Amino acid sequence: MDGNILVVDDEKIVLKSCEKVLAPEGYKVSTVASGREALDLLDKNRYDLIITDIKMPEMDGIEFIRQARKKNTDINIIVITGYPSQESIREALSLRIVDYLPKPFSPTILLDVVTRAMEMKKIGVAPQPDVEDYTEEIASKLDAIIKKSRNKLGSLIPVLQEAQELVGYLPPVVLRHISRGLRIPLSEVHGVVSFYSYFTMKPRGKHNIRICLGTACYVKGAEEIVKKLTENLHIDVGSVTEDKKFSLESVRCLGACGLAPVVVIGKDTHGSVNPVDTMDLLTNYQ
Amino acid sequence: MENYRASVMLCGGTGCMAGDSLKIKDAFTDELNKRGLSHEINVVITGCNGFCAQGPVMTVYPDDIFYEKVKVADVPLIIEEHFIKGRPVEKLMYKELAKKSAIPLMKDIPFFSLQVLRALRNKGLIDPEKIEEYIARDGYMAAAKALNEMTPEQVIDEMKRSGLRGRGGAGFPTGLKWELSAKVKGGEKFIICNGDEGDPGAFMDRSIMEGDPHVVLEGMLIGARAIGASKGYIYVRAEYPLAVQRLQIAIDQAKEFGLLGDNILGSGFNFDIEIYQGAGAFVCGEATALMRSIEGKRGMPRPKFWRSAVKGLWDKPTVLNNVETFANIPQIILNGASWYTSLGTEKSTGTKVFALSGAINNIGLIEVPMGIPLSKIIYDIGGGVPKGRKFKAVQLGGPSGGCIPESLIDTPVTFEDIVKTGAIIGSGGMVVMNDLNCMVSVSKFFLEFTTEESCGKCPPCRIGNTVLQDLLEKITKGEGEEGDIELIEDISHEIIKTSLCGLGQTSPNPVLTSIRYFRSEFEEHAGDKWCRTGVCKDLCTFYIEEEKCKACGACKRVCPQKAIIGEKKVPHRIDQSLCVQCRSCYTVCKFDSVKIGPRAMRDQLLEQWVSDSGKTVAMAGKEE
């Protein structure tokens, strides 16, 4: 097993025993005695998992998690607690911890919980919103959009459309925000997003390329264009290049059949595209 | 208002806009200002003119001169020659295909002269962003008549007598639909305009919404009055941003003019319209799914225990009509039902708008009387198949329709006659295919579409179409077996029988009609492993018939693989080890010497090649 784990606890014995149990399993374990030191380390290194005590002097665990989330929203966190009161657990849960360890715990339990948390990371179960795209400014704009249509019937789809216009795509954090704001279950929001092809949960590139796959474009060689683009940009339809410059989408008929085959880059429509010259289209988009 | 001596009507449809018609307008404005002619010549951006293939297009009135493929650089020339010297610019005029002679007047161009414009009567004549221009063309007169001179019963009666049938595909009589809903007493009612034009290859509704948005509003207003609705929605695809923009401008203007809102035209009738943008789901063209979508839910159809006219949006009586249907209504009310039935056949009255595209010379939007034979549309209006290729089939009705072969090309275009062929009129997309199109691949294309767009509610549609698609994939990959075609037919009939909504019930139509008319092509694919059109790369071998080859070198120049060997005056040959079956040589050869044989031929030719040249061979770009 590999992975970087940060353990935060004011009790030395806990730190030591965690290290003793986890290090032989192949994890790189860093230990610190306070939230402050831990936050410093978070700036410097990259961790896959944080294990933190809740009751600590100076900065308590909840406050630490809150601050750590600002730095890295998608990191998995496990809390250790000697007094698992409902309130403290609920508070920790609201900060999206993945599990908790009641004190005292045995090495087997520790290993079990850690292994599961690391597995989650691998298969990507943990929410992974992209913080760069979701600033406080955007959150407040989103609030305004939600407020405008909060008590209107059927407002979910227009709100999602505006939100996507605002953020560029619909990461889980935005869906949660909308779900809370409109008082619609998250499952329903997600159901709508996954149903309509207009919505995307993946970020788009700086230039979004849409290839029309309507019948008229199809009979005039749209498939060749798709092939050219996927081969040259090294991405599949529905994904974005590594440098986030281009993303590729197919659309079902843009209704501009007179121009077939049609490729839309950003907001510009390019008609009568010759499949052979497809790549020349991109030179003006850098 | 200024009195201009001439007006330049520049097309501002999506197609021409992509050809920079807005920049052309700016160039006109600048140039006219420079020459001090801006008070004499008016430049207007209109809705879609319809002749999209020749875009950007413009018409000069009152002369009725039609210019095509206009570029920014042509603007000074047009002004100098046409407006100052009075000599229309010949090089920008439409050229008749056969004679290559220029046709100056729009009314003489066959593409326009054979059409009858009713739903599209304002196309290219008005600025869609100005309500005054719509009103000047008798706009809102029908609404005034329906609101102040007619009772709702009279309106419905007129509609019933006109025989107008829904233009969205199903062809349900509009008057009957309205009557059902009008009979439900009391409570809130809705009227919805279905602008979720999803059929690939169809763009009639887009053109109407972009080019004449007020006619849609007026049609809805009349419908609302007839059934007693107070609120209307226009459901537009998100892929049509220009339509959304122009409809919004139209709604705002109509409100300003008191044509929407409270107490319209002093009649005491209140009605409001809101635009609702779709989010990209083909199934939302189905009425009940569309209503779920407006409610903010996944757009899945529901069983029709009751009609939406009785219980629709939010369980209230709702009438849903297509954009083109609404565009027909004001003229029917204004001129009467008998005027409308003067065109068309007994059961299919009036006119229908079609979007012509694919392998045809005159791509664009046309409106023709119902009952016109398909051949007239394709050859007379559409100008036939370009580049001397052969007509093979015409696809009607998109993923719910089918391909009509050459033998049925004289079928009159009516709801009943087209259904007999296995296709449907659908919303009006007409995609022409030539001999380069493989019918198996086209069937696969439509099944890929329906598989992707199936909402997933009913297993016959969700799983059945996937199985059909897999079978076709298998056949086009060269793994077809005996019985595959029969299996496709069996599954198709089950899907049709057991699906809930129109999408599922019609999804096997494209493959069924293709098998019906092009069975031999399917058998060649499955049995002989041969795609005679060369589309299915795994099922063909390109070779040159040496007796026919004139050694002109045309194929050699286009071959991206440099696989063609031959000198001047020596018949060429294709090196099978390098050929990637791109079809370039086949399409370029003027002497019909490049031939397409079955897959098995490739190995024979390769062996022969090796023994002839003693060369060892590695296959190019093919992973076997």
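Me: A residue counts as buried when 20 or more other C-beta atoms lie within 10 Å of its own, as exposed when there are 12 or fewer, and as partly exposed in between, with C-beta atoms placed from the backbone. Is V394(B) buried or exposed?

Reply: This is a predicted model, in which local features need pLDDT of at least 70, side-chain atom pairs count only at pLDDT 80 or more, and totals for chains, interfaces and linings use all residues. Residues are numbered from 1 along each chain as its sequence is written, while chains are lettered from A and ligands numbered from 1 in the order in which they are written. V394(B) has 28 C-beta neighbours inside 10 Å and therefore counts as buried.

Me: Which residues does V394(B) touch, apart from those up to four places away in sequence?

Reply: V394(B) belongs to strand β13 (residues 391–396) of chain B; helices (H or I, at least four residues) and strands (E, at least two) are DSSP runs numbered from the N terminus. Two residues are in contact if their C-beta atoms, placed from the backbone, lie within 7 Å. With residues up to four places away excluded, V394(B) touches L374(B), I378(B), C403(B), I404(B), M430(B) and V432(B).

Me: How many residues does chain B bring to the contact with chain A?

Reply: Chain A takes part with 30 residues. On the side of chain B, the elements that give two or more residues are α1 (14–18), α12 (287–294), β11 (351–358), β15 (429–434) and α17 (439–453). That side has 19 nonpolar, 16 polar and six charged residues, where Ala, Val, Leu, Ile, Met, Phe, Trp, Tyr, Cys and Pro count as nonpolar, Asp, Glu, Lys and Arg as charged, and the others, Gly among them, as polar. The number from chain B is 41 residues.

Me: How far apart are the C-alpha centres of domain 1 and domain 4 of chain B?

Reply: The bounds come from an automatic or database domain assignment, which gives chain B five entries, including domain 1 (6–108) and domain 4 (439–528). The C-alpha centres of these two domains are separated by 46 Å.

Me: What radius of gyration does chain A have?

Reply: The radius of gyration is taken over C-alpha atoms, and the globule rule is 2.2 Å times the number of residues to the power 0.38. For a compact globule of 286 residues a value near 19 Å would be found. The C-alpha atoms fill a box of roughly 75 × 45 × 30 Å along the principal axes. Chain A itself has a radius of gyration of 24 Å.

Me: Over which residues of chain A does pLDDT stay under 50?

Reply: pLDDT is the predictor's confidence in each residue, from 0 to 100. Chain A averages 84, and 94% of the residues score at least 70. The stretch under 50, for which the model has 18 contacts beyond four places in sequence, is 124–130.

Me: What is omega for the cis peptide bond that joins Y61(B) and P62(B)?

Reply: Most residues other than glycine have a negative phi, and most peptide bonds are trans. P62(B) is placed in the loop between β3 (58–61) and β4 (65–67) of chain B. For the cis bond from Y61(B), omega is about 5°.

Me: What is the positive phi of K562(B)?

Reply: The loop between α22 (554–558) and β17 (564–565) of chain B holds K562(B). K562(B) has 9 C-beta neighbours inside 10 Å, so it counts as exposed. Although K562(B) is not a glycine, its phi is positive, at about 50°.
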